[in-house]
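These are my notes from looking through one protein structure. I put each look-up down in the order I made it.

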Amino acid sequence: MSTQATLETAVEEGRCGDRLWLYATYHCNLACGYCLTESMPAIANRRTLSAETMIRVVREAQELGFGAIGITGGELFMLPDAAETLAEIASILPTVALTNATLFTDRLLSRLEPLAELDIALQISLDSDQPDRNDAFRGPENFAKVERAIPALSLIHISEPTRLRRISY
């Protein structure tokens, strides 16, 4: 049985999802104690996938029959070419990218504008809907940064209500 047929069978039988997940980087600007990937600023030399590698893998995933891509980390937007890489990936397959939404400067937001035309969603994570509780896990002012990011993303049509698929609490 070919790799593609094996994958299709696994998806049909519920043994495998149709979304391939990539860990783009293990670097993060936050230092959450519970982090599964132990990503935090104090750890140097964390692994990252190059843009070329991610794009190649996404093309291969499409050829194998995957229907979507998920990208996470660490914090994806610590990569200097994250916006452009996401645009290329989302032009190949529907994409969801997980982010803590704390790095969205005006410059980065302008680089994200091309994503509005693509099948991409940013999944923004919070630990609580209560600022004090959230910030106890993620650091001072984290909730406020996320609260500012959501309308800024909406202005460039990245997180319209139909595009912002989920906020994890």
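Where does alanine 101 lie? I found alanine 101 in the loop between strand 3 (95-99) and helix 4. Helices (H or I, at least four residues) and strands (E, at least two) are DSSP runs, numbered from the N terminus.

**Ground rules**

I note that this is a predicted model, in which local features need pLDDT of at least 70 and side-chain atom pairs count only at pLDDT 80 or more, while totals for chains, interfaces and linings use all residues. Residues are numbered from 1 along each chain as its sequence is written, and side-chain values use heavy atoms, with hydrogens and water left out.

I looked up the phi of alanine 101, and the value is near 60°, which is positive in a residue other than glycine. Most residues other than glycine have a negative phi. Alanine 101 counts as buried because its relative accessibility is 2%. Buried means under 20% relative accessible area, exposed means over 50%, and partly exposed is in between (1.4 Å probe, protein chains only).

I then turned to glutamate 141, which is not a glycine but has a positive phi of about 65°. Glutamate 141 sits in the loop between helix 5 (131-138) and helix 6.

**The whole protein**

I went through the elements and found six helices and five strands. Along the sequence they follow the pattern α-β-α-β-α-β-α-β-α-α-β.

I checked the size next. The C-alpha atoms fill a box of roughly 55 × 35 × 30 Å, taken along the principal axes.

The accessible surface comes to about 9200 Å², and 52% of it belongs to carbon and sulfur atoms. Such areas come from the Shrake-Rupley method with a 1.4 Å probe; for residues, only the protein chains shown count as cover. Of the 169 residues, 43% are buried.

I also looked at contacts (heavy atoms within 4.5 Å). Among contacts between residues at least 6 apart in sequence, 72% join residues at least 24 apart.

**The core**

Which residues have the most contacts inside the largest nonpolar core? I wrote down Ile69, Leu76, Phe77, Leu86, Phe104 and Leu112, in a core of 37 residues. The elements that each supply at least two residues of this core include strand 1 (19-25), helix 2 (51-64), strand 2 (68-73) and helix 3 (82-90). A nonpolar core is a set of buried Ala, Val, Leu, Ile, Met, Phe, Trp, Tyr and Cys residues joined through side-chain atoms within 4.5 Å. In soluble globular proteins, nonpolar side chains tend to be buried together.

I took leucine 76 from that list. Not counting residues up to four places away in sequence, leucine 76 touches Ala24, Thr25, Ile71, Ala82, Leu86, Ala97 and Leu98.

**Leucine 108**

Is leucine 108 buried or exposed? Leucine 108 has a relative accessible area of 8%, so I marked this residue as buried. Its place is in helix 4. With residues up to four places away in sequence left out, leucine 108 touches Phe77, Ala83 and Leu103. The C-alpha atoms of leucine 108 and proline 80 are separated by 9.5 Å, and these residues are 28 apart along the chain.

**Helix 1**

I looked up two residues here. Glutamate 8 is found in helix 1 (residues 3-12) and is partly exposed, with a relative accessible area of 37%. From glutamate 8 to tyrosine 23, 15 residues apart along the chain, I noted 23 Å between C-alpha atoms.

Threonine 6 is found in helix 1 and counts as partly exposed at 37% relative accessibility. Threonine 6 and leucine 64 are 58 residues apart along the chain, with their C-alpha atoms separated by 9.5 Å.

**Glutamine 123**

My last entry is glutamine 123, found in strand 4. Glutamine 123 counts as buried at 13% relative accessibility. Glutamine 123 and serine 39 are 84 residues apart in sequence and 18 Å apart in space, C-alpha to C-alpha.
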